[in-house]
Amino acid sequence: MHYPIGLLFDLLASSSALPWNITVHFKSFPEKDLLHCPSKDVIEAHFMSCMKEADALKHKSQVINEMQKKDHKQLWMGLQNDRFDQFWAINRKLMEYPAEENGFRYIPFRIYQTTTERPFIQKLFRPVAADGQLHTLGDLLKEVCPSAIAPEDGEKKNQVMIHGIEPMLETPLQWLSEHLSYPDNFLHISIIPQPTD
Amino acid sequence: MEEDEFFGEKTFQHYCAEFIKHSQQIGDGWEWRMSKDCSDGYMCKTHFKIKNGTVVSHPGTSGHGQTCLPLEEALELPSDDFEVTETAAASEVIKYEYHVLYSCSYQVPVLYFRASFLDGRPLTLKDIWEEVHECYKTRLLQGPWDTITQQIVFFASQKFLMEHPILGQPFFVLHPCKTNEFMTPVLKNSQKINRSINYITSWLSIVGPVVGLNLPLSYAKATSQDEGNVD
């Protein structure tokens, strides 16, 4: 359902060599299983909805709501036309936070596993602990998806992947959110079985 | 994880439990479902309607401009009566599903819905909108919802297709970003007149009609009889 292509690759095909070969169907639309996507506007609406939700988490929607309609349009057009500078001119404002804070209010993230019925895990999680320590990727996983990480001496069963790489679990979550988010401002994290090779 | 806001997930679950209690008393069909991993849950209700207001005659129905009669009532009739009065083909029966989930991002409830024919073919949003339009128009004309009406109309245009966060299937959604805006006057008003309300009841009575879901008035009365507040 409108998942970023990089996420789909990490989750479903990360063992494939690039370029990723996919099959596009033009006939026999499975009417009973899928709903038609009526237009490009729907994709834009979905993208903006994710942006707004991310900002609801990061800034109680204050930053995105202060923007003008043309700024929202610029975010979408920058993405659609692969114009990073155009996109980032606006998006960088969504990556800022007040000087007196140490990070965003909550981190926008979604954790995907193909083994569960639930499409993804998304919960409220603060980037900074009460004592001022920055929470790490490992802290997040321990809290919301403990099965993803192996016990201390145990064998590593899973890979925790973002954008095709496995960031160290000690990486601060705030940093990941600022630098490794997808264009919709979410961290889309895949938990996939450790490849055996 | 964190609940420093007015409407946290536990509060949501509490109001849903109260709502479902009343639903059970009047046979309104709402039930609570847990996710498979039992970490959260949602309220849901299914009902059936005949496409385009083919009215099924049923004893005891007042039928005031009711263009959408629940099919279940018709199906309860003994089969002889049913064959005499029922004229719609099976393909014209539409199954509506409504799910109420909690959004931790916006910290409000969210209404997910979908509709399909009995053979599984889903209805598009346009189809659904045409179906509920009649019911909604009537409701709009009846309402004392002056200031809220405008917001509902805007709100209604915000519905679109998303993935159900627990089931992973496509549902239409009334986007939650405006919920706080139209719920705030409702909450303020209830505080002013010092009357406790069930957030879910108030919210659903506003957004439900937009998608063909109506709440019997007894829900409101049930709330004012509730003792005590949420802790």
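**A tour of aromatic contacts**

Begin by selecting Lys49(B) and Tyr96(B): Lys49(B) lies over the face of Tyr96(B), 5.1 Å from the ring centre. A charge sits over a ring if NZ of Lys or CZ of Arg is within 6 Å of the ring centre and within 35 degrees of the ring normal. This is a predicted model, in which local features need pLDDT of at least 70 and side-chain atom pairs count only at pLDDT 80 or more, whereas totals for chains, interfaces and linings use all residues. Residues are numbered from 1 along each chain as its sequence is written, and side-chain values use heavy atoms, with hydrogens and water left out.

In chain A, select Lys58(A), which lies over the face of Phe104(A) at 4.6 Å from the ring centre.

Next, consider ring pairs. The structure holds 17 aromatic pairs over all chains (Phe, Tyr or six-membered Trp rings with centres within 6.5 Å; planes under 30 degrees apart are stacked, over 60 edge-to-face, the rest tilted). Select Phe47(A) and Trp76(A): the centres are 5.8 Å apart and the planes at 50°, so this pair is tilted. Phe47(A) belongs to helix H2 (residues 40-59) and Trp76(A) to helix H4 (residues 69-80) of chain A, 29 residues apart; helices are DSSP runs of H or I of at least four residues, and strands are E runs of at least two. Phe47(A) is buried at 8% relative accessibility, and Trp76(A) is buried at 7% (buried is under 20% relative accessible area, exposed over 50%, partly exposed in between, with a 1.4 Å probe and protein chains only).

Move to Phe113(B) and Phe172(B), with centres 5.8 Å apart and planes at 35°, so the pair is tilted. Both residues are buried.

Finally, select the aromatic cluster formed by Phe7(B), Phe12(B), Tyr15(B), Trp32(B), Tyr102(B) and Tyr199(B).

Technical notes:
Chains lettered and ligands numbered in written order.
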